[in-house]
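Let's take a walk through this structure together, one piece at a time. Have a look at the picture first, then read on.

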Amino acid sequence: MAELTRDRIIARAKETGFDLCGIARAERHPRLARLADWIVEGRAGEMTYLAESLDERLDPRRVLPTARSIVSVAVVYHTKAAGDANPPHDTPPRRAISRYAWGDDYHDILKSRLRALLVWMQQEAGPGFEAFSCVDAGPVQERVFAEQAGLGWIGKHTCLINPHLGSWLFLGEILTNLDLQADAPAIDQCGTCTRCLDACPTGAITAPYELDARRCLSYLTIETRGALAADIRDRIGAEIYGCDICQDVCPWNRRAATSDDPAWQPRPPLASPTILDLCRLSDDAWRAVLKGSAMKRAGLRRIRRTLAYATRHLPVSPAREARDALRGHASSAFPEVADAIAWAESPEPA
């Protein structure tokens, strides 16, 4: 049996459906110490699970004691349909849903591909092989090890940026007891650019490479239960689920790679919708959209709450039509949805 080397694993990863693959050492990296400080400062918001699994997140060997190497992989999820995401300013906003949620749930797709790669590695390595695989819900700080594996650098907006493919990347990893040749870490190429900081509508990127989740629209629209703070509601704009603004303005995404993978193509209701389009969707239509989608994490209550906030920024007639449509759905009886509709209809402060 041929030796299971770095080059063979990388080649197999690409055959399995990954666009990038690299190897990092499974060790406690100094950058991971920032995570503990970030949590202590309260910047994780309601994501208490981060603190609960902190030991594992600070040292991959707490996840797999025998780990010596981390196989880091990435997949491009940017599609050609994304060209319609940012129309001219005189047309209704169509961003609405973060690109990563347009297609199938990436957790399921990446886990399946990682499992296939892992099975092959086990067959090739033979007896004594040990491994652990996970996608972002697992206790491994994937961006740090992706950077160490040479897949890209962690940009000022805290997303991983590959100089050839851009930042529209899903990440995954396999911890293994194999002692593999490691790749050279990626080099930061953000330079003096601050476009992501300047564009963030809530000031969530508090400094280069520093994100306060409590002000990030991705966190607020997906993770936060109940009503959002008044100063945040006005800044929702057209960001209904997640937010792509900091990546939209990144110069490294001007010529970002696109994927024709069927898994990431937008489901029909999510192909460049307006706020009004989404408000009109029935409960049954939303259930069909959420099935097998990453959007199911937020659920319909939070999605319709945020939709109601967003109607405040529509012209009078479509705003009225959008709120009437929301009232016609059963989920509008939930307190946070009813409260959001009432707030959107209230007079704006002078």
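**A sheet and its helices**

Let's start with β4 and strand β7 (residues 169–176), which pair in the antiparallel sense over four bridges. Two strands count as paired if DSSP finds at least two bridges between them, and the strands (E, at least two residues) and helices (H or I, at least four) are DSSP runs, numbered from the N terminus. One of the residues involved is Ser133, whose bridge partner in β7 is Ile174.

Before going further, keep in mind that this is a predicted model, where local features need pLDDT of at least 70, side-chain atom pairs count only at pLDDT 80 or more, and totals for chains, interfaces and linings use all residues. Residues are numbered from 1 along each chain as its sequence is written, and side-chain values use heavy atoms, with hydrogens and water left out.

Now for the whole sheet. It is an open one of four strands, in the order β1-β2-β7-β4, with antiparallel pairing. At the edges sit β1 (20–25) and β4 (131–134), each of which pairs on one side only. On average, neighbouring strands are turned by 20 degrees against each other, direction ignored. Angles between axes run from 0 to 180 degrees between N-to-C directions, and the axes are lines fitted to C-alpha atoms, for helices over the stretch in contact.

Follow β2 next. With β1, β2 forms an antiparallel pair over six bridges, and in β2 the bridge partner of Leu20 is Ala74. With β7, β2 again runs antiparallel, this time joined by eight bridges.

How buried is β2? Eight of its eight residues are buried, so β2 is largely enclosed by the rest of the structure. (Buried means under 20% relative accessible area, exposed over 50%, and partly exposed in between, with a 1.4 Å probe and protein chains only.) Ser69, Val71, Val73 and Val75 point one way from the strand, while Ile70, Ser72, Ala74 and Val76 point the other way.

Let's zoom in on Ser72, found in β2. Ser72 is buried, with a relative accessible area of 1%, and its bridge partner in β7 is Glu173. Leaving aside neighbours within four places in sequence, the residues in contact with Ser72 (heavy atoms within 4.5 Å) include Leu20, Cys21, Phe145, Ala149 and Gly172.

What about helices against the sheet? Helix α5 (residues 106–125) lies across β2, β4 and β7, running at about 35 degrees to β7.

Helix α5 also packs with α1, at an angle of about 145 degrees and with the axes 10 Å apart. On the α1 side the contact is made by Arg8, Ile9, Arg12, Ala13 and Thr16, and on the α5 side by Arg113, Ala116, Leu117, Trp120, Met121 and Glu124.

Last stop: helix α12 (residues 283–290) and helix α13 (residues 299–310), which pack at an angle of about 115 degrees, with their axes 11 Å apart. The two are therefore roughly perpendicular to each other; angles from 65 to 115 degrees get that label, those under 35 are roughly parallel, those over 145 roughly antiparallel, and the rest oblique. Asp283, Trp286 and Leu290 of α12 meet Gly299, Leu300, Ile303, Arg304 and Leu307 of α13.
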